[in-house]
Amino acid sequence: MRNYKNIMLITNTDVGKMSGDMTLIYRRAEAMYYEKGIFTNLVVYKGLPQSNSPYLTEYCSVVFLTSYNDICSYILKMKPGMIVLYGTKIGLLTYPLHRFIKKNNLDTLVFLDVQSAIEEVKEYPSNLKRKFFYPVYEWSFVKAINDVDGAFVVSNELIKNCELKRKNKKNSIMYYKIRCGINKTLSEMEIIANRKEIRDKYGIDENATLFTYSGYRTAWQKVDKIIIEFQKYDRVVENAFFMFFCNIDNDFENLLKVSFPKGNYILKFLKKDEYEKMLCACDVGYILRDYNETNRVAFPNKFSDYLASGLIVALNKALPEPMRIVENFPSHYIDTDHDDITTVVSKIRKRKENYVEFLKTNIDICTKELLYSSQIEKLEL
């Protein structure tokens, strides 16, 4: 078993933005330190505009470098057991890094951090330019995945996606599957206390049924359709309330005012330290996805956060890896493709009647399947 001691992760993303990709990177780094004693050196190389202030925690450091020579000097200084590359353009460093490692007789592996399918560029393009240049993005990923020693992935489906793009099947690579999980579990009493505190703070009745969407409003999140789903529940569920924890603009605020004329909703962009308690106040957490490659390989952070907060998770089989975790617990998830409103209302009622037992099951699922320490403990790192 290789003793990595420390890992260097090179990226060009915004490391200060707590989006899903950075949440995974930081949570994984924390668990790797506490479970395996592995420190993560995070290098931002020609990154997006951001606050270029280096910082250090117990389990990771962040530095900002602007040239490839600086990276090489940093590698010689830190001598990482593994270099992990995250970002489309960053993946093109695989070949020059291998040459540098060989030239300097370093015992270092080069990995990719693959959190999503490259097909996302064409399925959910942020602009027409990205969609037009999809063949270039695809070429760069294929080149990278064929020139690495291994990859971090979030699902079995993502492993298959990578393997389809690898041309030299005789030389296998290592895959470390680490789902987008959680660093700790709350007890039943902690969830109940958080639930009461938040409901009291916002004047929400204890018997109200709270539906929530938490995350950014990107194309694949289908927030507009989630609003339509919530409106259906608003018509039939007595004392329904809706919480949106996402980025805010005037158009979205106006949309919610029109969609929920009773004013039975809260719209809030959460700070990191608010997230845990706010979710505990809710009952049903929504994830609505299309059937395509982007979602087939995905594992959303919010799935783990919903379960860890004691919620029923609403999702469909467009997300096969998360669905595999809950499909043996029918009362703990809502199938958004097949469960009608009557079934959903029945599940919510049974959860309220057996709330503590429901929480115990959720906590057990999280401990076995989603806790980063449990996942990393099983890996040969």
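This dialogue covers a helix pair and a sheet in a predicted model.

User: What should I know about the numbering and the pLDDT limits?

Analyst: Residues are numbered from 1 along each chain as its sequence is written, and side-chain values use heavy atoms, without hydrogens or water. In this predicted model local features need pLDDT of at least 70 and side-chain atom pairs pLDDT 80 or more, while totals for chains, interfaces and linings use all residues.

User: At what angle do helix 9 and helix 10 pack?

Analyst: Two packed helices are described by the angle between their axes and the distance between the axes. Here helix 9 (residues 223-236) and helix 10 (residues 250-259) pack at about 20°, with axes 11 Å apart. That makes the two helices roughly parallel (angles under 35 degrees count as such). Axes are lines fitted to C-alpha atoms, for helices over the stretch in contact, and angles run from 0 to 180 degrees between N-to-C directions. Helices are DSSP runs of H or I with at least four residues, and strands are runs of E with at least two, numbered from the N terminus.

User: Which residues make the contact?

Analyst: Contact means heavy atoms within 4.5 Å. Helix 9 contributes V223, D224, I227 and Q231, and helix 10 contributes F252, L255, L256 and S259.

User: What is the strand order of the open sheet?

Analyst: Strands of a sheet pair through backbone hydrogen bonds, either parallel or antiparallel. The 8 strands have the order 3-4-2-1-5-6-7-8, with mixed pairing; two strands pair if DSSP finds at least two bridges between them. Strand 3 (55-56) and strand 8 (174-177) are the edge strands. Strand 3 runs antiparallel to strand 4 (residues 60-65), joined by 2 bridges, and Y55 has V62 as its bridge partner in strand 4.

How values were computed: Angles under 35 degrees count as roughly parallel, over 145 as roughly antiparallel, 65 to 115 as roughly perpendicular and the rest as oblique.
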